[in-house]
Amino acid sequence: MIKELLKELNDEQLDSVITTDVPVRIIAGAGSGKTRVITTKIAYLIEKEGIYPPKILAVTFTNKAAQEMKDRVNKIIPNLDRNPLITTFHSFCVRVLREDCEDIGISKDFTIIDASDQAKIIRDIIKKLDISTDKNRPERKILSKISNWKAKQIDWNEAYEETFNFEEKKWAKAYRDYQQYLYDKNYLDFDDLILKVHKLFNENIQIREKWRNRFDYIMVDEFQDTNYTQFDLVKWLTGSKNNLTVVGDPDQTIYSWRGAKVNIILNFKNEFANSRTIMLTENYRSTKPILDIANNFIDNNKNREKKDIFTQKKAGEIVQVKEVASRNFEAKFVTKKIKELVEENNYKYSDIFVLYRTNAWSQEFEKEFQNQKVPFQLIGGFKFRDRKVIKDVTALLRSVVFKDDLAMERVFTFTPKVGAVTASKLKIASEQLNLNLFDFLTSQNQEVNQISKNLNELVACLIKAREIFEENKSILKLTETLIKESGYRDRLDLKDKEDIEALQNLEAYYDQMEKYDNYYNESENELNRAVMFLQEEALSSDEDNQSEINKVTLLTIHSAKGLENKVVFIVGLNKDVFPSKMSFLSIENLEEERRAFYVAITRAQERVFISYVSGEYSYISNGELGPSRFIQELNPELYEIEKSIYFHSNTDVSSTYKGKANLEFRPDKLEAGVIKGDKIKHMIFGDGLVVKVIDRYISVAFSDPKQGVKMIPISSSAWEKI
């Protein structure tokens, strides 16, 4: 089987698979078959190099990608006694912590909390510290700041001392109380999973060596998305061995706001001097016109590994750029074109993506699709796991499996005749006895009855469910017991539309559990199946559960990374929207925005439509909308444009120009009053040297190394020539 697979690879793919004696960096262009290379290499390591499957570790960033790799490897080499460990970074770290976390003072039965749990904890802390704020949902901003502090490994004391912002000093205290609460309750948040393993490996060389010796070969997918903490883990797990292959594309690094650093993949050879670089440049996804415009556009970035991806698919439709007179007209144009593609060109609705830089841009499309009866799904909208019934059932499970107080507090909210006052009394009484709520309810019968006589059904249910859990029985059986014995199922009114929908969602959750029960292999797993199920649920991303249905998909460009479709509409290519205003503060930010647009274009297999609004005022850009600078950067020989599209009605449309692009719509250059080499003074960034004058901006290298090079609007009153 492996011989036949190797014959099907192109030369670069084959080289990537069979090179195992030195560290390998594979620069995999968009659509170049990188997953095929990774899975074939895993099979090659097992069959040709004789590596025992569990001694191979392959890590990626999403559960969906990990599952696809597992499925492909199982197809290539079915019926393996033991499987290679194909997982995400976070899941791998959970595995390490379940085994060795006690060495850094964490109990092995820790609970992983999700974003809603974090928000509740921070809201309680805000009240307790009396942090007054005029911001809507301030917990989001505070949690984002805490996440940044943790990523930089700054404790609350350092955070407090380093900031001169009075509000952030309060946030630093919230950070202190948040960390203490997590420690007291044996909780870990998403950031902790990788940071705690980093701490463990950094402080305990013996444990680090144990895990290094556990694997004979390591592969890292989407390597361009790694941060320095993750890269440390990769280096520690490989040591001086040559047993490493990393796969990624610097041109698709679009997650710097999550900590991803493009220089890690660009400077790989600095860490692995004897490494080889192999370029995968043949694209199997897109047509030539799409790749030509993408290649030409990304060449505007300077901090990149130069490569041009190519395809054997020579034919294809030229890329279309559309200028419309309003955001509503943009939505009308896209709707009209989608109907035309479906009705006249034999496309399905599910063949179409509508991509935008920011979620705020989807509103007009949602309204127009609803009005014109275009079926659509919104990725990043209301997610399955965020539905009330799913959160309720998960809370019941977590209450029993982890004895989780946050989960039990949610259970009280849907237990009849148990209100906020009763819940508060139960919480205070359990804290006085130094017990978690589960143990308090199930062991302190007299005290519980003094507080409320309405908890007998719930207590009996918890005791019965805990027995099923400890026997490691089916997760489905455990859940069905909880739903039935707690009375939750009986309280659903099947005449009520919302409750009917809740039951359907519950049944979908049951399907997921049954699938997991069938997948769970007791001989390979030391952990209880309920613990593993909840662990994987906590680690699953929003994109992992996308279903294949005949609907247009609306999603952000960042959510679309790793996906592909036949037709892609990229909307909102407007100044101060895409690229965003903030991107002009540094060359690095602008190059990241450019990579995001490149990612958007290369999602398409057959057709690309790019649109922007001209003339309408928008609060999003805080001014009149006009074409993005990225429109200027597209090679006018490689697309056609239609200008000033105006809808007089849903069917009556006019435009002023349609045909080959020309240069007439490049924005006017402003007179800067400075030239390259002049010195300026900026009221925030200090003194700097002009290094370039570009249209409406000057590029300035500031004397303060912390500020670096920034793009400053010529029209800004914040600077002056000196």
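Leaving aside neighbours within four places in sequence, which residues is Lys 34 in contact with? In this predicted model, the partners are Ala 28, Asp 221, Glu 222 and Val 247. Lys 34 itself lies in helix α3.

Lys 34 also belongs to an annotated stretch. The unreviewed UniProt entry marks a "binding site" that covers Ala 28, Gly 29, Ala 30, Gly 31, Ser 32, Gly 33, Lys 34 and Thr 35. Take Ala 30 from that list. Ala 30 sits in the loop between β1 (24–28) and α3 (34–47). Ala 30 has a relative accessibility of 2%, so this residue counts as buried; the cut-off for buried is under 20%. Not counting residues up to four places away in sequence, Ala 30 touches Asp 249, Gln 252, Asn 283, Arg 285, Ile 309, Thr 602 and Arg 603.

Now follow α3 to a neighbouring helix. Two packed helices are described by the angle between their axes and the distance between the axes. The axes of α3 and α4 (residues 63–76) come within 9 Å and cross at roughly 50 degrees. The two helices are therefore oblique to each other. Their crossing is right-handed. On the α3 side, the residues that meet α4 include Thr 35, Arg 36, Ile 38 and Ile 42. On the α4 side, the residues are Glu 68, Met 69, Arg 72, Val 73 and Ile 76.

Finally, step back to the whole chain. The chain is divided into domain 1 (1–96 + 195–282), domain 2 (111–185), domain 3 (289–381 + 548–659), domain 4 (385–539) and domain 5 (678–721). The C-alpha centres of domain 2 and domain 3 are 37 Å apart.

Conventions
Residues numbered from 1 in each chain as written. Predicted model: local features only at pLDDT ≥ 70, side-chain atom pairs only at ≥ 80, totals over all residues. Heavy atoms only, no water. UniProt positions renumbered as here; feature names shortened; annotations may be inferred. Helix = DSSP H or I, 4+ residues; strand = E, 2+ residues; numbered from the N terminus. Buried < 20%, exposed > 50% of the residue type's maximum accessible area, 1.4 Å probe, protein only. Contact = heavy atoms within 4.5 Å. Domains from an automatic or database assignment. Axes fitted to C-alpha atoms, helices over the stretch in contact; angles between N-to-C directions. Parallel < 35°, antiparallel > 145°, perpendicular 65-115°, else oblique. Left-handed = near helix turned anticlockwise from the far one by under 90°.
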